[in-house]
Amino acid sequence: PGPEGGSGPSEYVRALTEETFDSAVDNEEVSLVKFTAPWCGHCRDLKGKFDLAAETLVPEGIGMFDVNVEENEPLAERFGVTSFPTLFLFRRGGAKQGTKYTYRREVQDIIDFMRAKLRPIKELTTAEEVTAFVEDKSMGMLGVFESEDSPGAAAFRETAEDQAVHLRFARAPAALTGALGEPNAVFFVRYQPTLGKKDAVVVRLPGEELTDQDALSKVAAANLPPIKLLDDSLRMFSKEFTKPMVMLHTEVNKDLDVGFKKLIYVVNRFKKGIPGFEAHFDFYVRDITGKEAELDEQFGAVVTDGQAVTALVDGKRYGMAEGVKPGGMGANKEAISLFLAELKAGELEAHVKSEPIPTDTGSLKYLVGKNFKKVVGQGDKDHFIMFHAPWCGHCKATKPDWEKFALAAKKAGVKTLQVSMYDATNNDKPEGFKVDGFPTFYFVPAGKIDKPILYEDDRTVEAWVDFAENHAHFPFEGMKISKAHDEL
């Protein structure tokens, strides 16, 4: 067990190392691995919830593991882990490639997610269970198959394994499905408060799509309503997101007696601002409960009276600056339409995750998301940048020499070369800079922020000086920097 108040393993959560990782993960039907760092406050916050979930899940045959990235950096680099805690789902035999966990992190949510992955399809054994499944107030897929070998059964299971957290999946023999139809069929069941309907809508999917898992997901996605309810995850039919996403964040309560009328009221007013944009965007409603801080940090969206509007376009995040009020949604339809029009035209500035802009005046400059483009793109200097992570041991070992490099350049009077550092875990990675591990170095000649040069040579001051001298837009004498370094 880890230290009291730490972020690591416990009675039910095993610590994994680079040596034990593959065998441990491959030995479990499904497993959830959290990558943590001892200094990470969010990791400590998650530990209690993860441990409680593990107490329930491990006895049910689900693996729950922890990886300390400071002691196992190669594992973090292998899976591209740059922020903490990061969770990955693995299946037996799939230790080489996991799926990032993007669902909610409360105890019951973790339990529900992992149970759905272990047993993605519910077997219905009575006509009453079939009726209950169809009339449930959430979306789902019902497969009518006589056996595991029936046409389409394999594709149905693959779809369920991928999407079981976001959709309900069940299987039943034809004899129990009544009027729904004959064997070897899949039905899409949707209940959407956003449609203003209280009844379930059952759609039979085309028979020719049944044996292709990707096609099955695509047809199911096509049967979703115009404004869809996004169940707490951005992965619903993620393979089929062919259009940018616009999301209304508000309280979602499926209890007809409590929250249904309010939800319909809010959504109907939101819909007044989207005519003409349906062909360009997919629209979603997402529960805002507990996500206000995320919307501010990740999207820069203004939350007013518990509501906000955000967008995802080509991986870039946008937030509507003007709040959306329940009582004023109708009056705000012009603001929503303007937001969509500017989004469509590419006139909005994407939100960038960033630390505060530092006030440092030393020889080594610290860049952040908010000022990277402005500083590096200004064109008045050549820039040599080290992308690092606070937890990275190699970065810590390299930093003293990197600082000496920056100081030597300043002492040598080379004013056209700026040596910098960029925390790629607490700031969005700049566009055009691929950072797969740490530390990663890029040289940007003045005026060429769109053509950064990846540096992969020795991590010594002498090697950095030679590379900068050979690639700089503004000429300088490398010997001056080397001499200044020798005098430090």
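Predicted model: local features only at pLDDT ≥ 70, side-chain atom pairs only at ≥ 80, totals over all residues.
Q: In what order do the five strands of the open sheet stand?
A: Strands of a sheet pair through backbone hydrogen bonds, in either a parallel or an antiparallel sense. Here the order is β1-β3-β2-β4-β5, and the pairing is mixed. Because β1 (14–15) and β5 (99–100) stand at the edges with a single partner strand each, one side of each is left without a neighbour in the sheet.

Q: How many bridges join strand β2 and strand β3, and what lies across them?
A: Strand β2 (residues 30–36) pairs with strand β3 (residues 63–68) in the parallel sense over six bridges, and the bridge partner of K34 is D66 in β3. Helix α4 (residues 107–118) lies across β2, β3 and β4 (86–91), and runs at about 140 degrees to β2.

Q: At what angle do helix α12 and helix α14 pack?
A: Two packed helices are described by the angle between their axes and by the distance between the axes. Helix α12 (residues 393–411) packs with helix α14 (residues 478–486) at an angle of about 115 degrees, with their axes 8 Å apart, and the crossing of α12 and α14 is right-handed.

Q: Which residues of α12 and α14 meet?
A: In α12, K404, F405, A408, A409 and K411 meet I481, A484 and H485 of α14. By class, this contact of α12 with α14 has five nonpolar, one polar and two charged residues.

How values were computed. Residues numbered from 1 in each chain as written. Heavy atoms only, no water. Pairing = 2+ DSSP bridges. Helix = DSSP H or I, 4+ residues; strand = E, 2+ residues; numbered from the N terminus. Contact = heavy atoms within 4.5 Å. Axes fitted to C-alpha atoms, helices over the stretch in contact; angles between N-to-C directions. Left-handed = near helix turned anticlockwise from the far one by under 90°. Nonpolar A, V, L, I, M, F, W, Y, C, P; charged D, E, K, R; others polar.
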